[in-house]
Amino acid sequence: MTAQNTTTETATAATEAPAVDTTSTAGAGEEFARLDPSTLEVGPNVRDEVDTETPEFHALVDSIREHGVLQAISAIRDGETVVVIDGQQRVLASIEAEAETVPVVIRSATGNAKAREIARLSQQVVANDRRTDLTQGQRAKAVTGMLELGVSATKISKAVQMPREQVKTAAAAGRSQTALDALDGGQLDLEQAAVLATFDAEGDHDAVCELLEVHRYAFERTAKRLLADRAERKERATAAQPYAERGFTIADAEPIFADGQFRAEDLVVPAYGENGAQRAITAEVIDANPTAWSVWLSKGERFTLTATGEVISENSIDWGTEDDPEATAATSYHHHKDITTEQVWEAEYFTTDPAAAGVQPGPILAAALAEADADAAEVDPDDDAAVARAREQKRLAAEAAHKEAQRAALRRTKELNKASVIATEVRIEWLTKFLTRKTLPKGAGKWITDTLVDEPGLLTQNKAPQFLAKLLGVSVPAVTGPSAGYPGTEDRAAREAIAPVVDKASEARAQVIALGQVLAAYEARMSGTGKDWWKRSSFGNQDNYLGFLDQHGHSLAPVENVATGELTPEQGYDALTTRTGDSPQPSETE
C-alpha cells in the first residue's frame, strides 16, 4: 500500500472533528493525520500473519464500525510513503470496515536502513508486549456502570462486542466487589461471580463465605442448595406466622430428642382421679398453653380425591396406574388420575418442659428415659414381679429406640430427596452441554456397546425418547386427537421430532446423538421415576451411568455417590448435613 491519494486531516477523535493545529497535537518530529487506510503501506511486522477469519478479528472490525479507530496507528514517512510500524491489524480491519480515514501519528525516518530496521523490530515487540488487557472484573464493572447510566443491554452489547446475555451476567457480577475480586483472582468464572453477587447484594454473608470456600466443581450445586434453602425458609416463615401470633415458639431447625426436645406424640395428659387414665394429647391441650410449646414446620405431600376434596392416604393409591389412564385400579385402591397432590406445611409440636405444658411422658418415652438410668439399678432375679417390670421396661425402651431410628431415617430421606432434586438439575444441565459436542469422547463407543449388550431393552423404557429430546433441546409437539393419553404416543412424537436432527447430523455427530440416547435412557430410569433414585443403588446399573459421567467431567454429588453404592445413606446424609460433600472429590483434583 502506498501513500497515493492520501488526505491529511487533523482531528481530535476517531470520528470527524474540527481541525486543529498539527503542531500542537504532535511531538517534535511527529505529525498527526487522518489518512485513508487503503493508502498506508503495512511494512514488515513481527506479527508475520494476521488471520482475518478469527472471531477476534471480526470483533475488531465491528468495533471500528461502531467507534472508529480509538488508538492512533504509528507510522514513519519514507519519502512519499507512509509505512505502518504499529497498527497492522487496525489497518486491515479498518479496510474491511470501509473506514474512510484512520488516525495516524507519523514520524520521519532517521538513520540508515539498518538502524531503522532495528528500531522497527524493537518498537513492534515492545508495543505488543506492553499492551495489558482489561480483567474480566474490570469489564464487568464497566458494563454495570453503563447500565446504571441508562444504557440498554442491547446497546452495550453492540458497543463492547459482548453477547447480550453475557452483558446481563457481567452486570450482575459487577454489583459485588467480592465477586469481582474472585473473578479476577481466577477463583470463579463470570457466571459463578454473578451468582455470588446475588447473595452478596442481599447481605447473605454466610452464603458468600460458603460459596467462596467450596471447590469450583461443587459451586453450582452448592449455590442451588443455598437458593432452595433460602426459598424454603421464606415459605416456612410465612406458614409459621399464624402459629407465632398464637404464642408458639417457631423452631428454625427440627428439634431432636438428644437435645431434650419431647414430641407431643410421645407425651400424654396425666391421669386424674382414682380410675382416671392417661389420655393422648389433642390440639386443644396444646392450644391451651402455646408458650410451653415450639412448632416445627416441614413440607409434605397431601393427597385428595379430585372430585370430592377428601384427604386420602398415600398407601390407598394404586401407583401402577400413574402413567396409564386406561388401567383399572386394584380393588379398594384409587386410580392415580383421580387424585390431586399438593405440597403442604405440616406442624409438629415439641416441649422441653412437659410439666410446664401440663403433660408427661407416655409409656414408651418414660421407658426410654428410665432405661438411661437403669444401669445403677439391679433387679432381684427371685422377684418375679420386678423381673417382669424390667422386661417390659426394656421392651418399651427398645420400641422408643426403634421409633427414634425411624425418625432419623425419615430425616435422612427428606434431606437426600432434597439433594437429589438439586443433583438432577445440575446433572441435566451438564448433560445438555456435554451433548452439544461434535465427536464422541474417548472410550464412549465401547461403553455404548457394553451397555446395550448388557441391557438391550434400556432404550425402550421410562420415556427415554422424551428425555433425549429434552437433552438435545428438541421441541416435541403435544399429542392431540384420539391417540392422546395412550401409552407410547408421547415417545413416538419425541422420536419423530428427533428424526430431522439425526438426518442433518454428520456421521460423527450422529454417534454423539446415539450416546445421548443411552444417557437419556439412564436419566429417564433415574430421575424419571422419582426423586428417591438414590435408594436404588443395588439395581438399575446407576453406577455404570454415573460412573461414565464422572469419568467425563461431571463431579458426583454425595447423593449420587449414594446412588452408585460408594456411600451408604447414612454417610451421604452426614456429607450433606456437615457440608463436607461440597469439598473436592478424588476425580475433581486430577
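Q: Which residue in E5 is the bridge partner of Ile 76?
A: In this predicted model, where local features need pLDDT of at least 70, side-chain atom pairs count only at pLDDT 80 or more, and totals for chains, interfaces and linings use all residues, strands are DSSP runs of at least two residues, numbered from the N terminus. Residues are numbered from 1 along each chain as its sequence is written, and side-chain values use heavy atoms, with hydrogens and water left out. Strand E3 (residues 73–78) pairs in the parallel sense with strand E5 (residues 102–108) over 5 bridges, pairing being counted when DSSP finds at least two bridges between two strands. Within this pair, the residue in E5 that partners Ile 76 is Arg 107.

Q: Which residue in E4 stands opposite Arg 77?
A: E3 is also joined to strand E4 (residues 81–86), and these two strands run antiparallel with 5 bridges between them. Across from Arg 77, the residue found in E4 is Val 82.

Q: Which residue takes a positive phi in the hairpin of E3 and E4?
A: The hairpin built from E3 and E4 leaves 2 residues between its strands. The residue there with a positive phi, near 70°, is Gly 79.

Q: Which strands stand at the edges of the open sheet, each with a single partner strand?
A: Three strands form this open sheet in the order E9-E8-E15, with antiparallel pairing. One side of each edge strand is left without a neighbour in the sheet, because each has a single partner strand, and these edge strands are E9 (279–280) and E15 (360–361).

Q: What is the bridge partner of Val 268 in E15?
A: Strand E8 (residues 267–269) pairs with E15 in the antiparallel sense, and 2 bridges connect them. For Val 268, the bridge partner in E15 is Gln 360.

Notes:
Helices (H or I, at least four residues) and strands (E, at least two) are DSSP runs, numbered from the N terminus.
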